[in-house]
Amino acid sequence: MLPLAEFLSLFSSSLCFWLTNPITFVLPTTLSSPWTVYLALSWTFFASAIFCWIMSLLTGNLSQIDRLWSVLPPLYSLLITILTEDKGGLNAVLSLVTVIWGSRLTLQFVWKGGYTLEGEDYRWAYVKDVFGGNKLALHIFNLFFVVIYQSILLLLLVTPQLALIGEDMALTTLDTILAGIFLFLVAMETLADCQQQAFQRRKYSSDQVEEGDSEVRDGFVQSGLWAYCRHPNFLCEILIWWVFAMIPLSRVGCGWSLVGAVNLTGLFTGSTDLTEQISASKYPEYRRYQETVPAFIPSVRMMTIKRRD
C-alpha cells in the first residue's frame with residue numbers, strides 16, 4: 001500500500017507531467033504503472049473540474065459537479081482496472097460494483113431532470129441567498145468548495161482501489177461478502193428513492209389530498225424506510241462508501257484509504273442540516289417528525305414498534 005505522502009507525490013507529479021506533456025495521455029502504455037494510472041486519473045480530474053467550473057460560470061448553475069457525481073467514481077475505478085497489470089479478480093469486482101452504483105444514480109438523476117440546463121439542486125438557491133449580492137464571494141465558494149473540494153472527494157472515494165496496486169488481487173470470501181453488502185445498500189438506496197418518488201407523485205395529485213392523505217397534507221414522506229429514519233437514502237450512500245473502503249483492509253490495513261468515506265460523511269452531514277432547515281421552514285409538521293424519527297440510525301426500540309404496527 002502506498003503511504004499518503006507517496007500517493008500525493010505521484011498524483012501531483014502526474015498532473016504536472018500531463019500539463020507539460022498532454023499528448024502523452026493518448027499513449028499511456030509508454031509509461032510504467034503506477035505512473036500510467038495516476039496520469040490518467042489526474043487528467044480526468046483536471047478536465048472534469050475545469051469543465052464544471054466553466055459551465056457554472058456560463059450558466060450560473062452550481063449543480064455542475066452533481067451531474068458528474070455518479071459518473072466520475074466508476075470512471076476512475078475503470079481506469080485503475082484497465083491500466084493496472086491485474087485486470088481480473090478484485091479489481092474487476094470493484095469496477096463492477098461502482099458501475100452498478102453509478103448507473104443507478106445516473107438514472108435517478110435523469111428522472112429528476114438533473115441533466116437539463118435549468119436543473120439545479122433546490123438547496124443551491126438557499127446557499128446563494130446567504131451570499132446576497134456578493135458575487136465575488138459566491139464565485140470563490142463555487143470554485144474552492146463546490147468544484148475543487150468535491151472533485152477531490154470524488155477521486156478520494158476510489159483511493160481504496162488505488163491502495164491495492166501491487167497487492168494480491170485474488171478474490172476472497174471477505175471480498176465477496178463486502179461486495180454483496182455494497183450491492184444490498186445500493187438496492188436499499190434505490191428503494192428509498194423509489195418511495196420518495198412515489199410520494200412526490202401522490203403529493204401533486206389533488207385526488208389524494210381530497211381523500212385525506214395525511215402524509216401528503218404534511219408535505220413530506222414519512223412511510224416505508226422513511227418511517228425508520230429521516231434520510232435512509234443518505235444513510236445508504238454513506239455506508240456504501242464505507243463498505244468500499246473496507247474491502248482492502250484484509251490486504252493493506254486501514255491507513256489513508258478511508259479519507260474518502262470520512263469526507264463524504266462530513267459533506268452529507270452538513271448538507272443534511274441544510275436540507276432539514278429548509279424542510280422545517282416549509283412544513284410545520286416536520287418538527288414533530290424530527291422529534292420522533294432519528295436522522296440516520298433508527299433505534300432498536302423504534303424498529304420493534306414499527307414491526308408491531
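Predicted model: local features only at pLDDT ≥ 70, side-chain atom pairs only at ≥ 80, totals over all residues.

Student: How are helix 2 and helix 4 packed?

Tutor: Two packed helices are described by the angle between their axes and the distance between the axes. Here helix 2 (residues 35–59) meets helix 4 (residues 72–83) at about 160 degrees, and the axes are 9 Å apart. Helix 2 is therefore roughly antiparallel to helix 4. Angles over 145 degrees count as roughly antiparallel. Helices here are DSSP runs (H or I, at least four residues), numbered from the N terminus. Axes are lines fitted to C-alpha atoms over the stretch in contact, with angles running from 0 to 180 degrees between N-to-C directions.

Student: Which residues make the contact?

Tutor: Helix 2 contributes residues including Val37, Leu41 and Phe45, and helix 4 contributes residues including Leu75, Leu79 and Leu83. Contact means heavy atoms within 4.5 Å. The contact residues divide into 10 nonpolar, three polar and no charged. Ala, Val, Leu, Ile, Met, Phe, Trp, Tyr, Cys and Pro count as nonpolar, Asp, Glu, Lys and Arg as charged, and the others, Gly among them, as polar.

Student: Now the rings. How many aromatic pairs are there?

Tutor: A pair of aromatic rings is described by the distance of the centres and the angle of the planes. The structure holds 14 aromatic pairs. Take Trp101 and Trp241: their centres are 5.0 Å apart and their planes at 85 degrees, so the pair is edge-to-face. Rings pair if their centres lie within 6.5 Å, and planes over 60 degrees apart count as edge-to-face. Trp101 sits in helix 5 (residues 89–111) and Trp241 in helix 12 (residues 232–246), 140 residues apart.

Student: Is Trp101 buried or exposed?

Tutor: Trp101 is buried, at 1% relative accessibility. Trp241 is buried too, at 2%. Buried means under 20% relative accessible area, with a 1.4 Å probe and protein chains only.

Student: What does Glu215 touch?

Tutor: Not counting residues up to four places away in sequence, Glu215 touches Phe199, Arg202, Phe220, Val221, Gln222 and Ser223. Glu215 lies in helix 11 (residues 214–218) and counts as buried at 10% relative accessibility.

Terms used
Residues numbered from 1 in each chain as written. Heavy atoms only, no water. Helix = DSSP H or I, 4+ residues; strand = E, 2+ residues; numbered from the N terminus. Buried < 20%, exposed > 50% of the residue type's maximum accessible area, 1.4 Å probe, protein only. Parallel < 35°, antiparallel > 145°, perpendicular 65-115°, else oblique. Phe/Tyr/Trp six-rings, centres within 6.5 Å; stacked < 30°, edge-to-face > 60°.
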